[in-house]
Amino acid sequence: MSTLTPTERRASVPGPNVRSTGSRRRGKSRMDPTRNNTAAGIAAWLLALLFAVPVLWMILTSFHSETDAATNPPSIAADLTLDAYQEFFGATSGVSPWPSLINSATASIFSTVLVLLLAIPAAYALSIRPVKKWSDVMFFFLSTKMMPVVAAVLPLYLVAKNIGALDNIWFLVLMYTSMNLPIAVWMMRSFLDEVPVEMLEAAQIDGAGLLLTLRKVVAPVAMPGIAATALICFIFSWNELLLARVLTGVVAGTAPVFLTGFVSGQGLFLAKVCAAAVVVSLPVLFAGFAAQDKLVQGLSLGAVK
Amino acid sequence: MRAKTRVAALAAGALCVAISASACAGAGGGNSAGDPNAINVLMVNNPQMEDLQRLTAENFTQKTGIRVNYTVLPENDVRAKISQEFSSQAGQYDIASLSNYEIPFYSANGWLAPLDHVAQDPEFNQADILPAYTASLTGTDGKLYGEPFYGESSFLMYRKDIFDAKGLTMPEKPTWDEVAALAAQADGAAPGMKGICLRGQPGWGQVFAPLTTVVNTFGGTWFDKDWNAQVNSPEFTAAVEFYTKLVRDHGPAGAAQAGFTECLNNMSQGKVAMWYDATSAAGALESEASPVKGKIGYAQAPVKETKSSGWLWTWSWAVQAASKKQDAAGKFIAWASSKEYEELVASKLGWSKVPSGKRISTYENTEFQQAAPFFEAERFAIENADPTNPGVQPRPAVGIQFVGIPEFAALGTRVSQGVSSVIAGQGTVADAVAKGQEAAQKVGDKYK
């Protein structure tokens, strides 16, 4: 999520909401709009930098040798090396990270697709054509998130054991789908709320059927929202550790589980862990960049009224 | 209306596809528990295990045709996963790395399969395994449930060069009072150097591993033989007072967060003159990459009331009772804990990386003796550790730096938080032991 922050901030700083908050400020900014913008810009950059420093630090450490990574005070200017990355890709241990990365991709992509397939119709029935007592339904969805996951871990483990689904990536897909579904329904509902009723009525008058309306009217307006929802679900599934650690074993282990394997109680591991964390974060970063345009619209959808 | 049904049908269809896809994969490519020529091993990610992982395919698998799938996790995670896996007898893993703390009660619970067939193998030569381990890995039913992979006691490591330069001498079997005096003298012996590193990080296996040995030799104990908690006894309190004061006065910065790894770093980087910890640390200090190689002297664990106070610990292999591949698992253990494997590590990675501390023959090997200047001190420490009688009074359960009951992990960790706070400069020892006494008595009452 931290990768989104700079974009989010940059998007919101020069935007209309800064200049139009309150009459007192408006007067001031009229007098000297550029100065105010520069100050806000500097503040935004400083904040963005503050959020980025841990990530940059992680990247720097991943290019150091283990002994340089462990020094205190830190040796910033130490020689750069790719050792930690070679280690991560199994140069000495012979253990490849690919199976776990593929498992993570499987779990995240399939669960995200499933979530969208289920959440969009549900959100449609809660927003555009609300069912009776739709607010109760919304609350019910939310209530499933109220119990902490850790409370359900043991029962889930026993169920998985008894139906023979332990160490099976498809069970994890199912778990992630149900874990993200309530959030996705809530997000999608607020995005579908943005679809103007007039547009739907106009489509109806023109004789468009439901599927045509969905495709030509609802989808274009809701697309940024769908992208944002998909990205959130993808990130949540990709980063999930607790369920993955409990429910997987030899073949279905995901990347976060693989990553924790580098944390050693004896011996040096900082550079290796940083390299692993960098590689594991890359897919999410790419997904974020790929969806950036849509996201900026999507994240501000509910904000600008 | 028709359109509504269509959407519903679409969603239902999608769900069906997903479920059938998952069912397919489950049957086809799911878990590897079915492969008769593959065993699954769950183990802690210590460097010795990583070496094993590296050497398995080219040696063990090639010779026997048995593939080994490893899952390696950090110590706390692996403990949680092993107890979950073994208590439910899920059968996902055939072998796990367990310590001499867990094996007695795991075997009593019926979670482990006996390893007598490994022990009886003349090639394996059980008599070569240090007797202290065979004893502590044997269940109450007299059967053997674990084979050590590597073992350790604890001893005191110090910078010979610094001690020589300052004219200090370390006795071979120092007392804690001598060590405290030496720590004060060595403090500042080199720029930025502190007297001694001791674990301060919360956790029964962190601060309480060395601290319990101090408690033992100060005449204290967690429980008397009738399970009365003794945490606020004068001896226990004095030991905690001594330990926390020593670390606060002469320990490195961040002592309250220092564990094994942090102390190893401090020692390697010349930030401390002494370190009391596991004998297995010496291998890292004497390895080729170590900046302090050849500069370290080794003395026995410091004492007060007892003759010796080193701990006894081993990471060993145990087989899950529910495993369907007992035979292959036995073969793996017989290889991983063998003399042959130690020689393999020596030839590929060097003698300092050998998972030592378990076989008598290793200590008699001249090559090992040369590569490991600490061999005599380590062997002496392991042979003199007595898990059944580590202190001045009879104990209700086995264990030196732990009490051999499942509840100890939680109890020790809880009390350790108070101790760690004291090291960090918050709270008092009296308060920490008073709370510890209360928690310990609740545990003790279960066994009365």
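The points below go from chain A to a helix pair and then to the interface.

1. A reminder before anything else: this is a predicted model. Chain A is built with 16 helices and zero strands. Of its 305 residues, 35% are buried. Among the contacts in chain A with a separation of 6 or more, 78% join residues 24 or more positions apart.

2. In chain B, please look at helix α8 (residues 176-186) and helix α10 (residues 234-250), whose axes lie 10 Å apart at an angle of about 15°. Angles under 35 degrees count as roughly parallel, and α8(B) and α10(B) are therefore roughly parallel to each other. The crossing of α8(B) past α10(B) is left-handed.

3. Which residues make the contact between these helices? From α8(B) come B:W176, B:A180, B:A183 and B:A184, while α10(B) brings B:F242, B:L246 and B:H250. By class, this contact of α8(B) with α10(B) holds six nonpolar residues and one polar residue, with no charged ones.

4. Now to where the chains meet: 36 residues of chain B are in contact with 36 residues of chain A. On the chain B side, at least two residues each come from α1 (2-28), α2 (47-64), β2 (67-73), α3 (75-87) and α11 (260-268). The most is given by α1(B), with eight residues.

5. How do the residues on the side of chain B that touches chain A divide by class? There are 15 nonpolar, 17 polar and four charged residues there.

Methods: Residues numbered from 1 in each chain as written. Chains lettered and ligands numbered in written order. Predicted model: local features only at pLDDT ≥ 70, side-chain atom pairs only at ≥ 80, totals over all residues. Helix = DSSP H or I, 4+ residues; strand = E, 2+ residues; numbered from the N terminus. Buried ≥ 20, exposed ≤ 12 C-beta atoms within 10 Å, placed from the backbone. Contact = placed C-beta atoms within 7 Å. Axes fitted to C-alpha atoms, helices over the stretch in contact; angles between N-to-C directions. Parallel < 35°, antiparallel > 145°, perpendicular 65-115°, else oblique. Left-handed = near helix turned anticlockwise from the far one by under 90°. Nonpolar A, V, L, I, M, F, W, Y, C, P; charged D, E, K, R; others polar.
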